[in-house]
Amino acid sequence: MEEYWSLVAFGGVVMLAASSGGIYKPDAWYVDLAKPIWTPPDWVFPVAWMILYAMIAISGWRVWERIASEGALLAFSIYGSQLALNAAWSAIFFGLKNLRLALTELSVLWLMIVLNIILFTEVDPTAGLLLLPYLLWVSFAGILNAKVMRMNQKWS
């Protein structure tokens, strides 16, 4: 039972990052933006993120339970960095309404997720695999962010 307390801790840390999406959420500004026809319906985003955040927490927990102390600093520095970047995107996109900066920040987030996958896969291949849907979703979000930016030049 003791090892599950660390899972609860990882869930809490991930929920903290996720809370940015609850603070900075789509508003009238977002509704009025021109968006491509392939933009998912609004309800898809919280459902997808709920699943992805659970996978991110489980991935971190799996590595935490297996990692040698000398490898922990780099792996969890990257893990924490990608979570911080994840949280910052909502603030930049919905809060600052800065589409270009949001896309730039998302590019750095994408790179950090790739590094996170590499480091976690070395410790626990399943943990790395759990982050692949996250990478795919962020890739899609980047493409969508870029398209919305091009369609709404005054917000770029």
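This is a predicted model: local features need pLDDT of at least 70, side-chain atom pairs count only at pLDDT 80 or more; totals for chains, interfaces and linings use all residues.
Helices are DSSP runs of at least four residues, numbered from the N terminus. A search of the whole structure finds three salt bridges, and α5 packs with helix α7 (residues 132–151).

**Helix α5 and its surroundings**
- Two packed helices are described by the angle between their axes and the distance between the axes.
- For α5 and α7, the angle is about 165° and the axes are 10 Å apart.
- The two helices α5 and α7 are therefore roughly antiparallel to each other, and their crossing is left-handed.
- Leu111 counts as partly exposed because its relative accessibility is 45%.

**The salt bridge of Asp27 and Lys97**
- Side chains of opposite charge can pair when their charged atoms come close.
- The side chains of Asp27 and Lys97 form a salt bridge with an N to O distance of 3.2 Å.
- Asp27 lies in the loop between α1 and α2 and Lys97 in the loop between α4 and α5, so the pair ties together parts that are 70 residues apart in sequence.

- Asp124 meets Arg62 in a salt bridge of 2.6 Å, N to O.
- Asp124 lies in the loop between α5 and α6 and Arg62 in helix α3, so this pair ties together parts that are 62 residues apart in sequence.
- Both Asp124 and Arg62 are buried.
- Asp124 also forms a salt bridge with Arg66, with the closest N and O atoms 3.8 Å apart.
- Arg66, in helix α3, is 58 residues from Asp124.
- Arg66 counts as partly exposed because its relative accessibility is 45%.
- Through shared partners, salt bridges join Arg62, Arg66 and Asp124 into one network.

Terms used
Residues are numbered from 1 along each chain as its sequence is written. Side-chain values use heavy atoms; hydrogens and water are left out. Buried means under 20% relative accessible area, exposed over 50%, partly exposed in between (1.4 Å probe, protein chains only). Axes are lines fitted to C-alpha atoms, for helices over the stretch in contact, and angles run from 0 to 180 degrees between N-to-C directions. Angles under 35 degrees count as roughly parallel, over 145 as roughly antiparallel, 65 to 115 as roughly perpendicular and the rest as oblique. A crossing is left-handed if the near helix is turned anticlockwise from the far one by less than a right angle, and right-handed if clockwise. A salt bridge is a side-chain nitrogen of Lys or Arg within 4 Å of a carboxyl oxygen of Asp or Glu.
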